[in-house]
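Hi everyone, thanks for coming. I'd like to walk you through the pockets of one model and then look at a helix. Let me put it up on the screen.

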Amino acid sequence: MQRILFFAVMLLSFTMVNAQNQPWQGKFEPIDNLIAPPSPYRNASGAPGSAYWQQRADYKIKATLQEADNTLTGEETITYYNNSPDDLSYVWIQLEQNVNKKGNEDFGSINNRVKDSMTTRQMQFLTRAMNFPAGYSIKYVKDGQNKDLRTMVNNTMMKVKLNNMLKSGESITLQIAWSYPITDRSLFLLSREGYEYFPEDDNTVYLIAHWFPRMAVYNDTEGWQNQQFQKLGEFALEFGDYNVEITVPEDHIVASTGVLQNTESVLTKTQIKRLNKAKKSFDKPVMIINQEEAEDNEKQKSKKQKTWKFSAKNVRDFAFASSRKFMWDAQAVKLPSNTVMAMSFYPKEGLPVWQEESTKAIMHALEVYSEATFDYPYPVCISVNTSNIGMEFPMISFNGGRPKNGKISNAAKQGMIGTIIHEVGHNWFPMIVSSDERKWMWMDEGLNTFLHQRTVAERYPDFNSVTPKSIVPFMSGDKNILRPIMTTSDNELFNQFGANFYLKPTVGLQMLRNSIIGKELFDEAFKEYANRWKYKHPNPADLFRTLEDATATDLNWFYRGWFFTTDHVDMELTHVKWFKVHEKNSNIEEQKRSSKVKIEASEKSATARENDFSSGPEFISMTSTPDKAYGGFLSRLNEPEIRKQLSGKNIYEVTIKNIGGLVMPVSVEWVFADGTSEIDTLPAQVWRRNEYEIQETFIKEKEVVKVNLDPNFEFADTDMDNNHFPKTEAISDFDTFKNKASGN
């Protein structure tokens, strides 16, 4: 008997497997072979392991900005701590300013297509017809004993050969002097930093970023992260403390990473008084420098200099902005464990919208992101107005969006506020949860955009925000061109990195939160990830594992499909069959009605039954279960009760095809004859045994007149026309045109 049962089970399993008649793709298999394995440094739960380590670099920098020739010169002392288990004979230092040097292999490569008609600026981006100086001049590199160190520069990376081996657990001091010409941001594409010239008043706003030689990351997964800077993939940096002295023209105002250390030397008594007032103002910004004062300052053109001193603790980078054009406002933002000074710096060209909205947007971002992850830990958060970009650094961001003649469209205003929120949000990802931007752009841009869009939806409900529908045009695209999210930063196409690295991860996280895991459990897991990797360097595997570990949810199918393939969601509601159980003992009237339905059904074509409910239900003859079907069980089902429970009920068998290839939960809306409706949701696991087609059965009290898949557009289905039963024919473009022309 046991042998017969065994073969019966095997036969049943064989039959079920063969129900799928297309190749099995393993959509629910673990992604272990696609991500880095656990180690003593990163454990299998997604948390830092017991042996986790990371390097550290502290900086003391003195820099001078020369307005006359737009150059920056600097000297720095780096204290580099080797916390790794390895001894190092050399170190790598990043020289990102070299990316704009003449002859650099990457200049003009971002958008390098020649067209029949091109603007002069497009031709400049492509050909560098108007040349400009760029790149570092390294004066010296010495050790702590003032001895010269041998160096080799390879484009944007400098190899420094140490005079003595840097042992594990020890530190080394490096001294570097350098200079470079600050570039005109209008002369090249992806200009994250440089200067912007204002011809009307002959003044300049300087945005100074990746401006000093910086230590490259050395970590447990790849050793030195010395991948060249090619503009698209941004930065991988170590944490440290900074003490920075910045010498600028005397009439300049400096906005910077860190806390100002010599306030009384660089600000007027009036400015200091206003700043102290702002520290107690939680409801609105206080003007530190108003429009009249800024306009007076524009006219000074001082030849004298002044040094601003800043200190920043436990940051991975340092940036600043400098200009005599700046207006400046500030207010305090109270968080549960910290009070932050939110501040905005902008030229008069940003009025009035920057004065009205910038600091308010900072406040909203600080509050929403802190609630979703951890409280913003730094003392200041600054937004600086510029043109054409949004760019983030610890405690400071450079944000585009400017009115024309004081007026700004609603769309442009939304874009400006969204940019500020987004760039402020980067303080969490990657400035604190410090993923490798150069390798995995999506890890900071995607996670940040997810919270940025949540902030917009919660604090600016009238604004447009990203939803699953937003990604449909991209995911419907040509599969020969599309690339998975898990594509390294510089290998994505310029015209689609925004969709692939910003929007697609955002929509994926929205689906996990709203429709797959659930808000409460997902929010706990997302916060767990942020806190586990605060001030550390997570990899994709650490995020994937943490979200599973903190939710007890198998997400391999989701990661595999959404992050590692270019499959899309397209579920087709192929057919819905309507059944009722034939009741032998029903009353005379019911028997007449059933007979009438059967006669009418037989008179209708099979096609009608396939396309709608007009043929009525098919009837199921439910017979008694023979004793042998119970096998060894001695108890018997209460058959009268089963018949009673199914009496008069409507049974619907739904057939759904997976056209797009991406498995997702199935949301089914039932619209009843009385006008009411309800939704059933099936988990993605219904696709385990057949990745191409499923049949599911539902019992309903009321008769159904229409069935819809994904009625709330939760899963980014790329073709909603095939989501309905009875099927509806899509109106062609020609018919639409004809109807309009005829006035119908």
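Let's begin with the second largest pocket, which holds about 400 Å³ of space. Please keep in mind that this is a predicted model. Lining that pocket are 22 residues, and L260, L275, K279, M343 and V380 are the ones closest to its centre. Which strand gives the largest share of this lining? That would be β20, with five residues. Other elements supply at least two residues each, among them α4 (269-278), β17 (305-315) and β21 (380-385).

Now over to the largest pocket, with a volume of about 920 Å³. Its lining has 43 residues, and N388, I389, G390, T419 and E423 lie nearest the centre. Helices α2 (120-127), α7 (410-425), α8 (441-459) and α10 (497-516) each give two or more residues to that lining, and so do the strands β8 (194-198) and β22 (390-393). Here the lining residues divide into 16 nonpolar, 16 polar and eleven charged.

Last stop, helix α5, residues 291-298. Its buried residues are A294, N297 and E298. Viewed down the helix axis, these buried residues fall within an arc of 105°, so they line one face of α5. And what covers them? The cover includes β9 (203-208), β16 (286-289) and β19 (327-335). One more detail, at the start of α5: a side-chain oxygen of N290 comes to within 3.2 Å of the backbone nitrogen of E292.

That's my tour, and I'm happy to take questions.

Key:
Residues numbered from 1 in each chain as written. Predicted model: local features only at pLDDT ≥ 70, side-chain atom pairs only at ≥ 80, totals over all residues. Heavy atoms only, no water. 1 Å grid on protein atoms, 1.4 Å probe; cavity = no way out; pocket = protein on both sides within 12 Å on 5 of 7 lines; lining within 4 Å. Points joined across faces, edges and corners; volume = space filled by probe spheres on them. Helix = DSSP H or I, 4+ residues; strand = E, 2+ residues; numbered from the N terminus. Nonpolar A, V, L, I, M, F, W, Y, C, P; charged D, E, K, R; others polar. Buried < 20%, exposed > 50% of the residue type's maximum accessible area, 1.4 Å probe, protein only. Arc of directions from axis to C-beta. Contact = heavy atoms within 4.5 Å. Polar contact = N/O pair within 3.5 Å; in protein donor to acceptor, adjacent residues only side chain to side chain.
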